[in-house]
Amino acid sequence: MIKACYVHVPFCKNICSYCDFCKNYYNEKIVDDYLDVLEKEVKNNYKNEVLNTLYVGGGTPSALSCKALNKLFKVLSVFKLNDDYEFTFECNYQDINEDLLKLLKENRINRLSVGIQTFNNKYMNVLNRNIDKEKMMANVKLVKKYFDNINLDLMYALPGETLESLVKDIELFVSLNVEHISTYALIIEDHTRLKMLNVNDIDDDLQAKMYYKIIEILKGHGYEHYEISNFCKIGYESKHNLTYWNNDEYYGFGAGASGFVNGVRYDNTKSIFNYLNERFKVEEELVNEECLIKDEVMLGLRKIKGISKESFKFKYHKQFERVFDYKELLKLGLLKEFNDMVFIPESKLFVSNEIIIKLLDTYIA
Ligand SMILES: C[S@@+](CC[C@H](N)C(=O)[O-])C[C@H]1O[C@@H](n2cnc3c(N)ncnc32)[C@H](O)[C@@H]1O
Ligand code: SF4
């Protein structure tokens, strides 16, 4: 039974130099047409399940005009939510004002995710992003008047960044005392302005130091490190993202969205032109058992507490030890076991991708 839904709003007023997400320059007429098509996609696919989580991401959903937001919320009003739902909406700090916050609250949103990235305006040009520390701080404080479940996105490993300047940045994030912080090491993606500018990744050793510094500081301030890159105050895990890490099914609507419905993983077109012409899906794959199990491990090991062998057996009617021959990885200290859980130890989290690949290689067909 599907319990989660992601809706993508692929419009931004400004395009950041590092971003390869599905997004387009804001245009009121195109947004209006997009919402008509989104409504059709939702109506044709949503089967009236009561959802635990709804997540509206982008792009920049908060960039929509008041009229467009009202139209979006009318589309979203068809989703049934349970009593304990989590409904997240992504916001750019520049769009935040009391009217917007009131409108969001009136439309069932109870969690806000604000893309801060960095408070250091030295990165304005290279990221092609407006960075106004005072306004960022003031607007997050304003959000706190209305919402008690807030996430901030923090980006690090920025060009030329030092450990010292990262520490200053993290301290500002911490001072805002929000419930959740998602961290992202900058990836220089193909087809982005950063790539064209030949900007290089910072060196791996420094990136590892930054990663562990973030963990040290955030844990020191009472944040629980619950996923490789995500931290929260007790009880404030992102329920929506846990759907992904638990390998559960979810709807994905909108251009560039992905979904997992009735055993089929699908990707929607990233082309706004194709989407507006109702050519929605570009890729559909019926996931067989082997893929499902491998996804379970790949996603599940992102959680710091790891994978429960008991739950694995319940889900797949197989013992974890009979599916993966991971004794060697335990011996090497790349994986650990405690009670029923298999997990990546903290000291090895920085190389979690390599460990997960090694574990998948031990799959016993
Ligand atoms: C799709 S964005 C949506 C947030 C919102 N549009 C904003 O920028 O404020 C989600 C997050 O992904 C992260 N992100 C996007 N591109 C990235 C990249 N190339 N490398 C690392 N993180 C990235 C950023 O932290 C961003 O806030
Ligand atoms: S990072 Fe956010 S605001 Fe910047 S281009 Fe990407 S989606 Fe738009």
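In the predicted model, the protein chain carries 48 positive and 55 negative side chains, and the centres of these two sets are separated by 2 Å. Buried residues, for their part, account for 52% of the 365 residues in the protein chain.

The overall dimensions were examined next. Taken along the principal axes, the box filled by the C-alpha atoms of the protein chain is roughly 60 × 50 × 40 Å. The radius of gyration of the protein chain is 21 Å, which agrees with the value near 21 Å that a compact globule of 365 residues would have. In secondary structure, the protein chain comprises 15 helices and 17 strands. Of the contacts in the protein chain with a separation of 6 or more, 69% are accounted for by residues 24 or more positions apart.

The domain assignment divides the protein chain into domain 1, covering residues 4-244, and domain 2, covering residues 291-365. The centres of domain 1 and domain 2, taken over C-alpha atoms, are 29 Å apart, and 14 residues of domain 1 are in contact with eleven residues of domain 2.

Two leucines illustrate how helical residues are placed in the model. Leucine 360 belongs to helix 15, which spans residues 352-361, and counts as buried because its relative accessibility is 15%, under the 20% cut-off for that class. When residues up to four places away in sequence are left out of account, leucine 360 touches Lys294, Val297, Met298 and Phe324.

Leucine 103 and cysteine 66 are 37 residues apart in sequence, whereas their C-alpha atoms are 8.7 Å apart in space.

Backbone geometry was then considered in the loops. The peptide bond that leads from glycine 58 to glycine 59 is cis, and its omega is near 25 degrees. Glycine 59 is situated in the loop that connects strand 4 (50-58) with helix 2 (66-76).

Positive phi values in residues other than glycine are found at asparagine 177, where phi is near 50 degrees, and at histidine 191, where phi is near 60 degrees. Asparagine 177 is placed in the loop between helix 6 (163-175) and strand 8 (180-185), and with a relative accessible area of 41% asparagine 177 is classed as partly exposed. Histidine 191 occupies the loop between strand 8 and helix 7 (193-196), and its relative accessible area of 79% places histidine 191 among the exposed residues, for which the cut-off is over 50%.

Key. Residues are numbered from 1 along each chain as its sequence is written. Chains are lettered from A and ligands numbered from 1 in the order in which they are written. This is a predicted model: local features need pLDDT of at least 70, side-chain atom pairs count only at pLDDT 80 or more; totals for chains, interfaces and linings use all residues. Side-chain values use heavy atoms; hydrogens and water are left out. Helices (H or I, at least four residues) and strands (E, at least two) are DSSP runs, numbered from the N terminus. The radius of gyration is taken over C-alpha atoms; the globule rule is 2.2 Å times the number of residues to the power 0.38. Buried means under 20% relative accessible area, exposed over 50%, partly exposed in between (1.4 Å probe, protein chains only). Contact means heavy atoms within 4.5 Å. Lys and Arg count as positive and Asp and Glu as negative; His and the chain ends are not counted. The place of a charge is taken as NZ of Lys, CZ of Arg, CG of Asp or CD of Glu. Domain bounds come from an automatic or database domain assignment.
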